[in-house]
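This briefing is meant for a reader who is meeting the structure for the first time. Please look over the sequence and the model below before going on to the notes that follow.

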Amino acid sequence: LPLLLEATLIRLASGSHHPFYNGFYYNRIMNDKHSGQEKVVYFNGAKLVVETPKDPVYSSNGANVTLPCRYHYEPDVEGKHKIRIKWSKLRDDYTKEQDVLVAIGKTYVAFGDFRGRAHIHQAGRREASLIVSDVRLQDDGKYRCEVIDGLEDESNVVDLRLQGIVFPYQPPRGQYSLNFHEAERVCQEQGAILATFHQLFQAWSEGLDWCNAGWLADGTVQYPIRVPRKPCGGVHLAPGIRSYGLRHQHLHRFDAFCFSSALRGEVFFLDHPAGMTLEEAKQSCQDAGAEIARVGHLYSAWRFLGLDRCDAGWLADGSVRYPITKPRANCGPPEPGVRSFGFPSKGRFGVFCYKER
């Protein structure tokens, strides 16, 4: 029986159907007034309703999160079939990106990156909520909760958003040198992922102003402008997100907008009276039981842990940066931020290290 249920769940996951309605599931007949309007007659005499929160659910990297989903009938009746529940992750256009989990009763199968991390919340009657443990950066996005009772099939959507920070990134070889796939890779190397549009928009609304265009996760190239100016689209355009639209993922080259969330560890600074080369800095972090921090680690520590250090330090990509939460004399511009010295080929500096908890 368990093997049969699992096979049924896998077939259910692979099926395709419309997101909110499939005409096969309902008898549609003309009403008695012959007005030309149709009405729906449900097979069990009641409408299946799936409820999810209208507002986004917020979480962070490494946390556990519950995506609420409940169902009921109007009018209230007892379902005659064993309820099947299916969760899918969606693209921004609401088409399916990947299967997350399917369940019949207490038997369920999770798929892909969600295997071992996702299960149904069995807290009460008519509960279909999804619990995701050890949340990852890639989990950010929209999820469809679908409930199937015999021939009735209804669904609704939950928006999961990770609390994080977007930062622009250029590699050592300079501006506009990354195709899409290279941009994906360099963000991952910095403890981050390519940002989505809504993550960039949120960063813009919080003050991000950056004149260089960068790749986003959907393959578009965009950049956020708070203060319109001539080199950034012109002085007569309103503030907003400037877009180059979709670009060729192999041929076209831009910078990248990366997204990082809360840390699973801590960032700390090490120094030496004479400073350190990059190789000496890496060794110093290893001697301290840590690794040299990545750019995403430093941005996250600045944003979420209030890291404030006026001393420049090496990072894993060979850049030298320092985080300022309380601007002051001799520590750069009057606004908070992560300052950069670029990628010096020579010089001796301190180092920012990262250690997992």
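Predicted model: local features only at pLDDT ≥ 70, side-chain atom pairs only at ≥ 80, totals over all residues.

Two strands are taken to pair if DSSP finds at least two bridges between them, and it is in this sense that Arg-144 stands opposite Val-157 in strand 13.

- Six strands, in the order 4-13-12-7-8-9, form an open sheet in which the pairing is mixed. The edges of this sheet are held by strand 4 and by strand 9 (107–110), each of which pairs on one side only, and from one strand to the next the twist averages 25 degrees.
- Strand 12 (residues 141–149) is joined to strand 13 by 9 bridges, and the two are paired in the antiparallel sense. Along this pairing, Lys-142 is found opposite Asp-159 in strand 13, while Arg-144 is found opposite Val-157.
- Strand 4 (residues 57–59) runs parallel to strand 13 and is joined to it by 3 bridges, with Val-57 standing opposite Leu-160 in strand 13.

- Strand 5 and strand 11 (residues 130–132) run antiparallel and are joined by 3 bridges, and Val-65 has Val-132 as its bridge partner in strand 11.

**Helix 2 and its surroundings**

- In helix 2 (residues 180–189), the buried residues are Phe-180, Glu-182, Ala-183, Val-186 and Cys-187. These residues cover an arc of only 155 degrees around the axis, which puts them on the same side of helix 2.
- At the start of helix 2, a side-chain oxygen of Asn-179 comes to within 3.1 Å of the backbone nitrogen of His-181, and just after the helix Gly-191 takes a positive phi of about 70 degrees.

**Helix 4 and its surroundings**

- The buried residues of helix 4 (residues 278–287) are Leu-278, Ala-281 and Cys-285. Viewed down the helix axis, they fall within an arc of 55 degrees, so they line one face of helix 4.
- On the face of helix 4 that is turned away from its buried side lie the exposed residues Glu-279, Gln-286 and Asp-287.
- The packing partners of the buried residues of helix 4 are strand 20 (265–270), strand 21 (291–292), strand 22 (313–314) and strand 25 (350–356), and just after helix 4 a positive phi of about 75 degrees is taken by Gly-289.

**The largest nonpolar core**

- In soluble globular proteins, nonpolar side chains tend to be buried together.
- In this model the largest nonpolar core has 89 residues, and those with the most contacts inside it are Leu-67, Trp-87, Leu-101 and Phe-352. Helix 5 (residues 295–304) supplies the largest share of this core, with 5 residues.
- When its neighbours within four places in sequence are left aside, Leu-101 is in contact with a set of residues including Ile-85, Trp-87, Tyr-108, Phe-111, Ile-120 and Leu-130.

**Leu-263, a buried loop residue**

- Leu-263 lies in the loop between strand 19 and strand 20, and because its relative accessibility is 14%, under the 20% cut-off, Leu-263 counts as buried.
- Not counting residues up to four places away in sequence, Leu-263 touches His-297, Ser-300, Ala-301, Leu-305, Tyr-354 and Arg-357.
- Leu-263 and Asn-61 are 202 residues apart in sequence, while their C-alpha atoms are 6.9 Å apart in space.

Methods: Residues numbered from 1 in each chain as written. Heavy atoms only, no water. Helix = DSSP H or I, 4+ residues; strand = E, 2+ residues; numbered from the N terminus. Axes fitted to C-alpha atoms, helices over the stretch in contact; angles between N-to-C directions. Buried < 20%, exposed > 50% of the residue type's maximum accessible area, 1.4 Å probe, protein only. Arc of directions from axis to C-beta. Polar contact = N/O pair within 3.5 Å; in protein donor to acceptor, adjacent residues only side chain to side chain. Core = buried A, V, L, I, M, F, W, Y, C linked by side-chain atoms within 4.5 Å. Contact = heavy atoms within 4.5 Å.
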